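Here is a short briefing on one structure. Please read it with the sequence and the model side by side.

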Amino acid sequence: MQLAGEAFRMEAAMDKKRNNDYGENTAEKIRMKELPVSERPYEKCVRYGPEALSDSELLAVVIRTGSQGEKAVDLADRVLCSLPERHLGGLFHISLAQLQEIRGIGPVKAVQLKCMAEFSKRMVRSRIPVSRLQCNEPEQIAAYYLPQMRYLETEQVLMLVLDGKNAMRGEIVISNGSFNSSMAAPREIFYNAIKNKAVNIILLHNHPSGDPTPSREDMVMTKRVSDIGQMIGITLLDHIVIGDNRYISFRESGYL
């Protein structure tokens with residue numbers, strides 16, 4: 001940890017020394033000024049808006065500086081090609097250590113890129129404040145949790161704790177690994193539901209494959225949870241399976 005912290009401080013000091021207002025050294029700035037505006041991300045953004053920037057140019061703005069003998073845009077293009085599936089969404093699937101294996105990406109740039117990914121995720125979620133979530137609307141619940149769960153590489157099971165008016169009192173991670181694991185057994189679900197004074201609950205879990213189609217095991221486990229809930233007076237209102245930018249609601253599909 002001490003070595004990592006020292007490397008981080010050293011790179012930050014180097015960035016501070018060589019960065020100007022555009023995050024480039026003087027020689028690099030001169031070369032960039034010789035390029036047409038269409039190839040300069042900062043000026044292009046000011047003139048045409050951020051939507052006019054390519055993915056590589058957006059990354060270049062975040063990265064700010066290139067590596068030795070390489071412009072920021074060229075480094076950004078190499079980063080993009082190194083990401084899983086070669087698109088920006090790959091930032092959710094790559095670790096800090098893996099980013100630093102790319103030539104020109106040190107601790108500071110790696111942190112900047114991962115923070116940008118997390119920032120985008122939180123921006124999407126902030127469009128729907130938790131206090132205004134309509135828990136009887138599967139589409140709204142899915143829209144809120146998609147940014148958080150669609151990029152997970154292992155299955156995660158969440159339980160939403162609802163009061164008598166179906167307002168959300170909280171969320172609980174039931175398990176990480178599989179919906180059908182022992183950790184997600186009905187006893188674990190209802191132990192947490194009773195402990196948190198739930199009147200009703202909603203379950204969510206993701207399919208890392210991107211296909212939200214419920215498996216046979218998903219169907220069996222959901223029925224068990226629903227049946228036990230009816231016996232003890234805690235209703236399972238829905239079970240939502242999150243895929244890659246799509247979802248399936250057991251309630252909407254008529255499974256509950």
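Predicted model: local features only at pLDDT ≥ 70, side-chain atom pairs only at ≥ 80, totals over all residues.

Residues are numbered from 1 along each chain as its sequence is written, and side-chain values use heavy atoms, with hydrogens and water left out.

**Nonpolar cores**

- A nonpolar core is a set of buried Ala, Val, Leu, Ile, Met, Phe, Trp, Tyr and Cys residues joined through side-chain atoms within 4.5 Å.
- Buried means under 20% relative accessible area, exposed means over 50%, and partly exposed lies in between (1.4 Å probe, protein chains only).
- The largest nonpolar core has 18 residues, and Val79, Leu91, Leu99, Ile105 and Leu113 touch the most other members.
- Two or more residues of this core come from each of α4 (55-63), α5 (72-82) and α7 (107-126).
- Helix α5 gives the largest share of this core, six residues.
- Helices (H or I, at least four residues) and strands (E, at least two) are DSSP runs, numbered from the N terminus.
- Leu99 is in contact (heavy atoms within 4.5 Å) with Leu83, Leu91, Ile94, Ile105, Ala110, Leu113 and Lys114, leaving aside neighbours within four places in sequence.
- Another core of 16 residues lies apart from the largest one; Leu133, Met149, Leu162 and Met168 are among its members.
- In soluble globular proteins, nonpolar side chains tend to be buried together.

**Helix pair α4 and α7**

- The axes of α4 and α7 come within 9 Å and cross at roughly 125 degrees.
- That angle makes α4 oblique to α7.
- Angles under 35 degrees count as roughly parallel, over 145 as roughly antiparallel, 65 to 115 as roughly perpendicular, and the rest as oblique.
- Axes are lines fitted to C-alpha atoms, for helices over the stretch in contact, and angles run from 0 to 180 degrees between N-to-C directions.
- On the α4 side, Leu59, Val62 and Ile63 meet Lys109, Gln112, Leu113 and Met116 of α7.

**Aromatic pairs**

- There are three aromatic pairs in the structure.
- Rings of Phe, Tyr and Trp (its six-membered ring) pair if their centres lie within 6.5 Å; planes under 30 degrees apart count as stacked, over 60 as edge-to-face and the rest as tilted.
- Phe92 and Tyr151 are stacked, because their ring centres are 4.1 Å apart and their planes are at 10 degrees.
- Phe92 sits in the loop between α5 and α6 (96-99) and Tyr151 in the loop between α8 (138-149) and β1 (155-162), so the pair ties together parts 59 residues apart in sequence.
- Phe92 is partly exposed, at 21% relative accessibility.
- Phe250 and Tyr255 form an edge-to-face pair, 5.4 Å centre to centre with 70 degrees between the planes.
- Phe250 is buried at 1% relative accessible area, whereas Tyr255 is partly exposed at 44%.

**Single residues**

- Ser226 lies in helix α10 (residues 216-232) and is buried at 11% relative accessible area.
- Ser226 touches Leu236 and Leu256, not counting residues up to four places away in sequence.
- Lys197 is not a glycine, yet has a positive phi of about 60 degrees.
- Lys197 lies in the loop between α9 (186-195) and β3 (200-206) and is exposed at 63%.
- Asn245 also is not a glycine and has a positive phi, of about 65 degrees.
- Asn245 lies in the loop between β4 (235-242) and β5 (247-249) and is exposed at 54%.
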